[in-house]
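Hi,

Here is the structure I said I would pass on.

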Amino acid sequence: MASVHESLYFNPMMTNGVVHANVFGIKDWVTPYKMALLVLLSELGRAGSLLLPLLQAFSNPSDPMILCRCPPQGPDMPLSRLRKAIEESCPHLASSVHIRLKLMAEGELKDMEQFFDDLSDSFSGTEPEVHKTSVVGLFLRHMILAYNKLSFSQVYKLYTALQQYFQNDEKKSGIDENDMELTNTEEQEGKMEKEELDVPLREEEVSCSGPLSQKQAEYFLSQQASLLKNDETKALTPASLQKELNNLLKFNPDFAEAHYLSYLNSLRVQDVFSSTHSLLHYFDRLILTGAESKSNGDEGYGRSLRYAALNLAALHCRFGHYQQAELALQEAIRIAQESNDHVCLQHCLSWLYILEQKIFDSCVLLEHSVNKSLHFGLPYLASLGIQSLVQRRAFAGKAANKLMDALKDSDLLHWKHSLSELIDISIAQKTAIWRLYGRSTMALQQAQTLLSMNSLEAVNVGVQQNNTESFAVVLCHLAELHAEQGYFAAASEILKHLKERFPPNSQHAQLWMLFDQKIQFERAMNDGRYHIADSLVAGITALSSIEGVYRKAIVLKAQNQMSEAHKLLQKLLIHCQKIKNTEMVISVLLSIAELYWRSSCHTIALPVLLQALALSREYSLQYLASETVLNLAFSQLILGIPEQALNILHMAIEPVLAHGAVLDKGCAMFLVAKCQVASAASYAQQKKIEALESAILNLNEAKTYFAKVDCKEQLRDVLYFQARLFHTLGKTQERNKCAMLFRQLHQELPAHGVPLINAFK
């Protein structure tokens, strides 16, 4: 959509290079591009295969027919691109279409006049080639009617525009042929043609097209809005899209839909000023043009006002301006109550809950909203309310079976009303809940279910509905699950796919950015590269302040800066208790207990661990409860009661081995071996030997786990422990082998700084 003044295309609303203000008043006009499509239709009719394939092409968006790739309602495209599309879909017609266009462009004006007269004959006869009310028939009739309304001077301008359109293609073809002779790029050409045909709308294509009719403008806006929702990577970049929208609004400032798309585009780059400006302009233009009044009678004006206030409240809430959002929401509620608009009131009630939960924890408003939404027949709003309730109750520690039953009821609404987007959200919610409860196997199953479902649901040509937030959440969990099991190459591939699907400027990119930083941080910590881990803390903090502070404390703890780490963890603990982030509270308590161990304050660590255990059991966080029990067992080992430690280990080790990360599995097996060795001190000689051999086997398993995640520091400790055990059993060769491997790692890694027994992980 370049400037109309620079366009070579014919525009019936242009007089002396000036476009009238009502440029979108005409729904459609004839352009050289549309004449090329008319020639294609005519040639298809001559070939005797017009009706069936064309109807299929227009009715099935995923069909690779030519008119799906080059739709008449889309922006005009260069003839070279149109020819490539014809050669791909209808190779037997490509030459005949080109020849006929050439004869018309190089012939006389009467040839074009005769062409349109022949088109009218398509509807004549008892069995016409095209039915008048078919999609193809309507397009032909629109073009014939638009052509017949042209004056003689306008017909001549159209003819000269057709000549220029064809000559530009001839010049470009000549340049391409010379380039082909100089360079052998046949494979690249085929690859580029396929890519050009698959992409819905490219920036260079838009920039070279002529002025848009009303239908073309509406098609462009609807296409870009659909791409922003389903596949943002295929939409124009924020800067390019805003440039095209500004060009549209320059000739028609009252085009309300363009203002709304500008609002969505500003949200992509988190531009609060531009998004607010565009949203207000959208509702202003909607009222001024009378679009709402036409469809809703006298109620249209008030309807626009209350929904404008509601959307403004949602916008402020999105950017964290809760006070402004509350004021706008109160205005929307007041207008909706005056108009007795129950639908708007239910949306206001949902947003009121979102604002209220920032102040106090209550689900009363949400439960009321769900009941009212079901009463007024609003399944979409009711389902979102149910899923919000499930999320809140998951954080409150409700049993998983009750939450899944509630989500099952929500899924019934989705399938009944074909709410495919909410089906995706529900599955992503289940994935996150199973991750919260520490059931990685179930989370993996739900993630794979969503990926399989989305891969089957096509939205448009070359567009898959897999660029939504649900898809991003599931893929992030999948990457983290693979990284926890030591499959770092697979996790990198998933993150690479996420980066392609959600570029850094997209609205959901922060999700994979955070998970990517966290995975890199864990790898650096496992490898003992604390300086690299410390450098990643800044990036994590920028995306999540709580995660960043927690990982800064972990780095300080690993670097034996105990007092600084303790101060940081205490501040984080108070903050997380205030915002009721129970999962992080438990993790912080476990880190504080480890600080007490390293400071030889073993008795002080016990109350902290018991507090963490009580919280994890109260909120049904099974995996964190198991990890807390392992820490308690380690405390008992330090306090000299290894038999009791072994007893409680049997309760906690099964969930860790079934659902835990590889590092946690290795630490658990290492702890079992330590407890076995400590317990064997009071055994008889034969039983002691059996216990030590069993401990060596457990150490071998722990060593396998640590090697999988490249945790060299833990490997060094395991090798040291094995060497001591082999020495006790008199196995000199095995002892020397372990001692050699230990020495290699010990020279590579810095000294631990604390006794080996004082570290659980």
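**What I found**

Among contacts between residues at least 6 apart in sequence, 65% join residues at least 24 apart. Keep in mind that this is a predicted model. The protein has 761 residues, and 52% of them are buried. Its secondary structure comes to 37 helices and 4 strands.

Now for the inside. The largest nonpolar core holds 130 residues, and the members that touch the most others are Phe-521 and Phe-706. Helix H30 (residues 582-598) gives this core its largest share, 11 residues. Another core, of 39 residues, lies apart from it, and Leu-44, Leu-82, Val-97 and Val-136 are among its members.

Beyond its neighbours within four places in sequence, Phe-521 is in contact with Ala-533, Leu-536, Val-537, Ile-540, Arg-551, Ile-554 and Val-555.

I also looked at one helix, H13 (residues 256-268). Is H13 mostly covered or mostly open? Mostly covered, as 10 of its 13 residues are buried. The buried ones include Leu-261, Tyr-263 and Leu-267, but also His-259, Asn-265 and Arg-268. After H13 comes Gln-270, which has a positive phi, near 60°.

Cheers

Notes: Residues are numbered from 1 along each chain as its sequence is written. This is a predicted model: local features need pLDDT of at least 70, side-chain atom pairs count only at pLDDT 80 or more; totals for chains, interfaces and linings use all residues. Side-chain values use heavy atoms; hydrogens and water are left out. A nonpolar core is a set of buried Ala, Val, Leu, Ile, Met, Phe, Trp, Tyr and Cys residues joined through side-chain atoms within 4.5 Å. Buried means under 20% relative accessible area, exposed over 50%, partly exposed in between (1.4 Å probe, protein chains only). Helices (H or I, at least four residues) and strands (E, at least two) are DSSP runs, numbered from the N terminus. Contact means heavy atoms within 4.5 Å. The expected span of a helix is 1.5 Å times one less than its number of residues.
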